[in-house]
Amino acid sequence: MAAAELLTADFVGLIDSRVAGPTPYTTRERARIRAQCGYLVRLCKEAADLIGSASGASSLDRDVPVQRIVRDLNALSLHSFVNPAANLELYGRVLTGLDAGTPFL
């Protein structure tokens, strides 16, 4: 969770700095933010999976909040905007000078 917090502080700092001024984001910065968001979701998903595993079988009951958190993070990680693999690929494409492959950058 500490790594997730540091990662979040990094890209939120960039976003905050751009909100205050007229400088637009570069394509590389936008791709980096997407990659960091994807990795952040991966870290949170791993933490929730660890907590879910430690909670035992009773945590699978629908009225136990842990199962909902694990399930929600699994669903979130499938969304293309924060999917870890898709966003790392996007960032790699931008870093190597290739087309991002998506209009949503």
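In the predicted model, the axes of helices H1 and H2 approach within 9 Å and cross at roughly 155°. Angles over 145 degrees count as roughly antiparallel, and H1 is therefore roughly antiparallel to H2. The crossing of H1 past H2 is left-handed. On the H1 side, the residues that meet H2 are Ala-3, Ala-4, Leu-7, Thr-8, Asp-10, Phe-11, Leu-14, Ile-15 and Arg-18. Their counterparts in H2 are Glu-29, Arg-32, Ile-33, Gln-36, Cys-37, Tyr-39, Leu-40, Leu-43 and Cys-44.

Phe-11 lies in H1, which spans residues 2-19. The relative accessible area of Phe-11 is 7%, and because values under 20% define burial, Phe-11 is classed as buried. Leu-50 is 39 residues from Phe-11 along the chain, and the C-alpha atoms of the two are separated by 25 Å.

Arg-18 is likewise found in H1. With a relative accessibility of 18%, Arg-18 falls under the 20% limit and so counts as buried. A polar atom of the Arg-18 side chain lies 2.8 Å from the backbone oxygen of Pro-24. When neighbours within four places in sequence are left aside, the contacts of Arg-18 are Thr-23, Pro-24, Tyr-25, Thr-26 and Glu-29.

Helix H2 covers residues 27-54, a total of 28 residues. From the first C-alpha to the last, H2 reaches 41 Å, close to the 40 Å expected at 1.5 Å a residue. Gly-56 follows H2 and has a positive phi, near 80°.

H2 also packs against helix H3, which comprises residues 65-77. The axes of H2 and H3 are 9 Å apart, and the packing angle is about 150°. This angle is over the 145 degrees required, which means that H2 is roughly antiparallel to H3. H2 passes H3 in a left-handed crossing. In this contact, H2 contributes Val-41, Cys-44, Lys-45, Ala-48, Asp-49, Ile-51 and Gly-52, and H3 contributes Val-66, Ile-69, Val-70, Leu-73, Asn-74, Leu-76 and Ser-77.

Key:
Residues numbered from 1 in each chain as written. Predicted model: local features only at pLDDT ≥ 70, side-chain atom pairs only at ≥ 80, totals over all residues. Heavy atoms only, no water. Helix = DSSP H or I, 4+ residues; strand = E, 2+ residues; numbered from the N terminus. Expected span 1.5 Å × (residues − 1). Buried < 20%, exposed > 50% of the residue type's maximum accessible area, 1.4 Å probe, protein only. Polar contact = N/O pair within 3.5 Å; in protein donor to acceptor, adjacent residues only side chain to side chain. Contact = heavy atoms within 4.5 Å. Axes fitted to C-alpha atoms, helices over the stretch in contact; angles between N-to-C directions. Parallel < 35°, antiparallel > 145°, perpendicular 65-115°, else oblique. Left-handed = near helix turned anticlockwise from the far one by under 90°.
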